There are 2 protein chains.
Amino acid sequence: MSSIALDTTAADQGDAGALRPPAAREEIARMLRRALRGLHAPARRVALHHFGWCEQDPAASPGGPGGPGKMVRGTLAMQVAGAMCGDPSVALAGAVAVELTHNSTLLKDDVMDRDVTRRQRPTAWTVFGESQTVLASDALLTLAFSVLLEHPAESGLAAFRFLAKAYQDLLTGQAMDLLFESCDRVGVDDCIRMADGKTAALLACSTRIGAVLAGAQPYQADALEDFGRHLGLAFQYVDDILGIWGDPATTGKPAGSDIAARKKSLPVTYALAKGEDGSLAGFYAERTAVSRKDVARIAIAIEEAGARAWAADQAARHCSAAEESLARAGIPVERQQPLRATARFVTAREY
Amino acid sequence: MSSIALDTTAADQGDAGALRPPAAREEIARMLRRALRGLHAPARRVALHHFGWCEQDPAASPGGPGGPGKMVRGTLAMQVAGAMCGDPSVALAGAVAVELTHNSTLLKDDVMDRDVTRRQRPTAWTVFGESQTVLASDALLTLAFSVLLEHPAESGLAAFRFLAKAYQDLLTGQAMDLLFESCDRVGVDDCIRMADGKTAALLACSTRIGAVLAGAQPYQADALEDFGRHLGLAFQYVDDILGIWGDPATTGKPAGSDIAARKKSLPVTYALAKGEDGSLAGFYAERTAVSRKDVARIAIAIEEAGARAWAADQAARHCSAAEESLARAGIPVERQQPLRATARFVTAREY
């Protein structure tokens, strides 16, 4: 078992306060609820269910079991702004926009992956049907852009451009992920590009938008975008390690769930590229049911190809790179603490 | 058989030149192709198929059978700009944006309605699958917003706001249309609201965006938005009449196709609201297969309830209202001609 800490200071923090600042999260939630009131009824009822909020009782926050999620992206945007200029709330519209965008993609992901549970509630498409869920997802995305452009400040327009670009990258990552399902062979570089689009692009956009809305210099916005991107990639490597070797008691998923789904995740593409064991390639080319014995055997084969050590090393490298990016953002050290804490929350899971 | 002419001058026009100005259509197509080059590969290949364009051969325009469509919305935006300021090309970004938005919705409509043919080609989802098509549709929508905001002029931001609002209305119309499928009873007012969102909102937005980008006064933009909205509603009434009583030789669809699909279109909701013939309500509450005899019987019942005359009257009223709206837009009469011609093209079909 090992764990990656972005730095020892962050590792000393308790989980509750610094990692997910309740103030920022509550402020984002309040603004999100207000933004959802601008939706027409059909999209609003889907969105309220998805966030775990009840239309009739606005006081029932965070609402249904699992609540509206951790809001890591919005929190990062506000923490970056706070670190830059001392006032997190200048990035509130940006925080709401990235959360709306993220949740728009979750609604469609659940339709495409046929997932039936999210945040301990039935997924929206199982309640409202696929079409209504896709339409509501579109409404959230459009609302995200509108929220950013509500105030005609030049920084809002710049933020829009980054969000639109990040969203195109995200769509491409998602499209590649789906295309990989029917490819017998996926290159490591393609898989990294996929993860960069599907996971890292919106995190990178969140930190950049926080910087832009706080009036950062271009070199600072670049550094903070890199910080978010490396966090996103580190997160994905850790997530893929847990998807194969994670402890069900910690992950809440069955052991080797990514093997059972024949998911061509980062460690898998690395092992396949090594090509030493023909049985691995055979397994990922098959379409038959996967037994528990298969899962154990394949997990060992992937590990023996060196993929687990490689993925852990990549995660550690991206954590270091995130730290270096943060260091060159020109933020006084004493103001970096909340960002380091959230970084640790995102990347440091036991595995 | 009757037909609605917006005015006698328009009725005198030949179809080819004035109705679908090849110059505007070609300019929009050229800019659309250029915009699509900004998409990543997975979305671009879906979009190029949908528009009937070949990636390898840019000269092959308009490409596959059926081409990229009539581009009525983009043409209206440019004609409005031409009428306002003499230069249609000031609205080119707006024309491209409304066409991208319209085609984004068509991609998803075909998935939701399980339609297999569009513009004489297989629909995108039958070629690329549902998920890739939905993702490409999202990419087109995001591109539409980006195109409008490429130049940071204040009018581009205003145009964005109208497009975002129109798109939310459109999503709501589409959501209502799908919800109606499982309702035994749909009110006439609800059905009109649905048509206003699903069909009229984007046409109204197209004419308004053309006005805004041409620097129109608010009263002119309001009048031209009304012009587009009334055109959209007139179109929908005519379309619904043809869906029940249209001649298959003209419509290209089987006789009474909307009855066979038990579509709760405008004339149907009117007839159901009259409630004189219980057999109509019974038919629309059933889920069994529809025979050819049923189609003929129901078409007669709807007509006997006065719904055909009502719908024709409503179409004529909206044509008149469109004409009145155009008249109060402060455009010199000699510059109104292309708009009247396109209006006639949109609304005046034999029925």
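Two salt bridges cross the interface of chain A and chain B in this predicted model. One of the pairs that meet in a salt bridge is Lys108(A) with Asp138(B), at 2.7 Å from N to O.

**Interface of chain A and chain B**

- On the chain A side, the elements that give two or more residues are helix H4 (41-51), helix H6 (92-113), helix H8 (130-148) and helix H9 (154-180) of chain A.
- H9(A) supplies 14 residues, the largest share of the side of chain A that touches chain B.
- By residue type, the side of chain A that touches chain B divides into 19 nonpolar, eight polar and eight charged residues.
- In contact terms, 35 residues of chain A meet 35 residues of chain B.
- The size of an interface is often given as the accessible area lost when the parts come together.
- For chain A and chain B the buried area is about 3,000 Å², and 68% of it lies on carbon and sulfur atoms.

**Helix packing in chain B**

- Two packed helices are described by the angle between their axes and the distance between the axes.
- Helix H11 (residues 218-245) and helix H14 (residues 266-274) of chain B pack at about 80°, and their axes lie 8 Å apart.
- H11(B) is therefore roughly perpendicular to H14(B).
- From H11(B), the residues Gln236(B), Tyr237(B), Asp240(B), Ile244(B) and Trp245(B) meet Leu266(B), Pro267(B) and Val268(B) of H14(B).
- The residues of this contact between H11(B) and H14(B) comprise six nonpolar, one polar and one charged.

**Salt bridges in the whole structure**

- Side chains of opposite charge can pair when their charged atoms come close.
- Over all chains, the search of the whole structure finds 34 salt bridges.
- Asp313(A) and Arg317(A) meet through their side chains in a salt bridge, with an N to O distance of 2.7 Å.
- Asp313(A) and Arg317(A) are separated by about one helical turn, because they stand four residues apart in helix H17 (residues 307-327) of chain A.

Methods: Residues numbered from 1 in each chain as written. Chains lettered and ligands numbered in written order. Predicted model: local features only at pLDDT ≥ 70, side-chain atom pairs only at ≥ 80, totals over all residues. Heavy atoms only, no water. Contact = heavy atoms within 4.5 Å. Buried area = accessible area lost by both parts, 1.4 Å probe. Salt bridge = Lys/Arg side-chain N within 4 Å of Asp/Glu carboxyl O. Nonpolar A, V, L, I, M, F, W, Y, C, P; charged D, E, K, R; others polar. Axes fitted to C-alpha atoms, helices over the stretch in contact; angles between N-to-C directions. Parallel < 35°, antiparallel > 145°, perpendicular 65-115°, else oblique.
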